Amino acid sequence: MTLVSGDAFGDLFRSFEHTAFRLEPRERYNSPGEHEPLRRFLAGEPDDLVWNRPWLDLMAEHAAKGKFVHRVRVVSVPLSDYSRFGLWCAEFAIQAGEDIRYLNRAQAAGLPELDYWLFDSKRAARLKFDEDDVLLGAEIVTDPATVVELAAARDDAWHRAVTREQFLADLARE
């Protein structure tokens, strides 16, 4: 299995035509670029989001072109520190044009535990992680049957998920 990473992985986000979707079923992501922002978040310190600016700018660019980037984050309740950080970060990505929805893990039965991006319902990038939750790269999948299966999972997850605001409101009621 060949994994794409680095610039080749980044090219996936610059080359899709209409839609990009991600299913995020993992409890945490150990991204080196997030270590310091996560520390600041947990300490209640301010963050200028410089570390996330390339992604936010890309989301704004896609939104301006009418491209749709959306994701469903499957999270456990009560929320982990990492999930609370993700909820905070989502506010800025949503403002930039990405649509991020949330699904309580208790309501995610039947969804794949596979973390993937689906581009234009034509190709998928199955994300591979090491034992410490560090992204190793993505396996590109173009097999039509597999892509259809992942598109069906996307539709199922999207149907069950709620907006960030609704998720936060639901948490407040618990």
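Mentor: D133 and R26 form a salt bridge, with the closest N and O atoms 2.4 Å apart. A salt bridge here is a side-chain nitrogen of Lys or Arg within 4 Å of a carboxyl oxygen of Asp or Glu. D133 sits in the loop between β5 and β6 and R26 in the loop between β1 and α2, so the pair ties together parts that are 107 residues apart in sequence. Helices (H or I, at least four residues) and strands (E, at least two) are DSSP runs, numbered from the N terminus. D133 is buried, at 17% relative accessible area. R26 is partly exposed, at 26%. Buried means under 20% relative accessible area, exposed over 50%, and partly exposed in between (1.4 Å probe, protein chains only).

The model is predicted: local features need pLDDT of at least 70, side-chain atom pairs count only at pLDDT 80 or more, and totals for chains, interfaces and linings use all residues. Residues are numbered from 1 along each chain as its sequence is written, and side-chain values use heavy atoms, leaving out hydrogens and water.

By the salt-bridge rule the count comes to 24. R73 and E24 make one of them, at 2.7 Å from N to O. R73 lies in strand β2 (residues 68-75) and E24 in strand β1, so this pair ties together parts 49 residues apart in sequence. Both R73 and E24 are buried. They also belong to a network of salt bridges that links R22, E24, R71, R73, E98 and D115.

E34 is a contrast worth checking. E34 is buried yet has no salt bridge. The nearest side chain of opposite charge is R73, 6.6 Å away. For that label, Lys and Arg count as positive and Asp and Glu as negative; His and the chain ends are not counted. E34 lies in the loop between β1 (19-24) and α2 (35-43). Not counting residues up to four places away in sequence, E34 touches Y29, W51, Y82 and F85. Contact means heavy atoms within 4.5 Å.

Now the sheet. Seven strands form an open sheet in the order β6-β5-β4-β1-β2-β3-β7, with mixed pairing. Two strands pair if DSSP finds at least two bridges between them. β6 and β7 (162-163) stand at the edges with a single partner strand each, so one side of each lacks a neighbour in the sheet. Strands β4 (residues 116-119) and β5 (residues 123-129) run antiparallel, joined by four bridges. Y116 has R126 in β5 as its bridge partner.
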